[in-house]
Amino acid sequence: LILAAMRAGIREFLPKPIDRTQLVEAFGKVAASRPSTTKAGKLVCLVGASGGVGVTTLAVNLAVELHDAGAEDVALLDLDFRFGQVATVLDLQPTFTVAELCDTPEQLDRQMIEKALARHASGVRVLARPNHLAQAEQITAAHCTSILASLQEMFDFIVVDGPMRFDPGARAVLDMADLVLVVLQLLVPGVRSVDRLLGELASQGYNLDRIRLVCNRLGREPGDLAVEHVEATLNRKIFWTIPDDFKTVAAAINMGEPLINNGPRTKVRQAIRQLAERIMRPEQEQEPAEAKKAGSLLKRIFSD
C-alpha cells in the first residue's frame, strides 16, 4: 500500500494520532524536495451549466488570447475524454493524446508530456482527448491529478475544457483549479443547473470564491431571461458576458481557426480578449464599456 501511494506521488505519511511536530517536519521535507524553479501555473477550468452552451469554443479562444496577451506558456487540455472537440476546433490531428500519459502515470516526465502535446500555430500547446472511446474508460481521477500537476510545473496557464459530469475525475479537477468559469446561457434549464451545481459544491465544502459565472451568447432575444433576474435567482453576480455572434463563431469553427484569426474585429472576440486580460491581471478592475463611454462623454461636455 505504501509503495502504491509513493508511486502515485505521496512523499510522506503520518500515523494516527497526528503529532504536530511530525506534521511540521513532514511539510518541511516535502517543501525542501520541490525544485526551486518549479512553476506554479494557474489552472483555469471551464464547465458548462448544460450541453451546447459554447464551453469548448470559449476555452479554445481563451487559451489563444491568454498567449497573445503575453502569457509565455499556455496549455489547453480537453477533459471531455469521450466526445471532446478541442483538437477539431483548432484543426489539429495529434498523433498522441492524453491516453498515452495514463499508461504509467507514476513515471510522467517532461519529455513524455512534450511528446503528447500538439503545438498550434498560435503557440498554444494542446493535450487532446483519447482517439478511442475505450481509452476514456481507463482514465481515473489519479491520472487527471498527475497530469494537471505536471502541466502546472511547465506552463503559466492551463486552460481546461471541463467535462459535463460530476464524477471523481471532475471533482479532482475542481479541487486543483485556481479559477472555475461556469458557462451558462440566459435560459431556465441552464440557470437551474447552475443553482444545483453551486449548492452541491457548497455542501461538499468547495470554496465558491474561485467560481465565476460567464454568460455566453448574450443577445436581445425577447425570450431570454434578464441578467439581473438571473443574478437575483443565483444570488451571485455574472462575472463576464460574451455577446452572441453565431455567424462569426460558426465560420471560425468550420474553418478550424480561432477568432483572433477569423473575426479579430468582432465584439465576441474582443469580449474573450478582455476576459483573458482580466484573468491575467485580476487585481486591475476594469470598468464596463458603458461606463467608459459615459465617462468620456462627460469629459467632453465639461472640458470646455
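Leu 101 is in contact, heavy atoms lying within 4.5 Å, with Leu 108, Met 112, Ile 113, Ala 116, Leu 127 and Ile 147, once its neighbours within four places in sequence are left aside. The model is a predicted one, in which local features need pLDDT of at least 70 and side-chain atom pairs count only at pLDDT 80 or more, while totals for chains, interfaces and linings use all residues. Residues are numbered from 1 along each chain as its sequence is written, and side-chain values use heavy atoms, with hydrogens and water left out.

**Leu 101 and the protein as a whole**

- Leu 101 sits in the loop between helix 4 (86-89) and helix 5 (110-116), where helices (H or I, at least four residues) and strands (E, at least two) are DSSP runs numbered from the N terminus.
- With a relative accessible area of 2%, Leu 101 is buried; buried means under 20% relative accessible area, exposed over 50%, and partly exposed in between, for a 1.4 Å probe and protein chains only.
- Between Leu 101 and Cys 144 there are 9.7 Å in space, C-alpha to C-alpha, against a separation of 43 residues in sequence.
- The protein has 13 helices and eight strands, and buried residues make up 41% of its 304 residues.
- Among contacts with a separation of 6 or more, 77% are between residues 24 or more positions apart.

**Helix 7**

- Helix 7 has 14 residues and reaches 20 Å from its first C-alpha to its last, close to the 20 Å expected at 1.5 Å a residue, the expected span being 1.5 Å times one less than the number of residues.
- Its buried residues are His 143, Cys 144, Ser 146, Ile 147, Leu 148, Ser 150, Leu 151, Gln 152 and Met 154.
- The elements covering the buried residues of helix 7 include strand 1 (42-48), strand 2 (74-78), helix 5, strand 4 (125-127), strand 5 (157-161) and helix 8 (168-176).
- Leu 151 touches Leu 77, Ile 113, Leu 127 and Ile 158, not counting residues up to four places away in sequence.

**Lining of the largest cavity**

- Five nonpolar residues, one polar and one charged make up the lining of the largest cavity, with Ala, Val, Leu, Ile, Met, Phe, Trp, Tyr, Cys and Pro counted as nonpolar, Asp, Glu, Lys and Arg as charged, and the others, Gly among them, as polar.

**Backbone geometry**

- Most residues other than glycine have a negative phi, and most peptide bonds are trans.
- The peptide bond from Lys 16 to Pro 17 is cis, with omega near -10°, and Pro 17 lies in the loop between helix 1 (2-7) and helix 2 (20-33).
- Asp 91, although not a glycine, has a positive phi of about 55°; Asp 91 is exposed, with a relative accessible area of 56%.
- Arg 217, not a glycine either, has a positive phi of about 55°, is found in strand 7 (residues 211-218) and counts as partly exposed at 36% relative accessibility.
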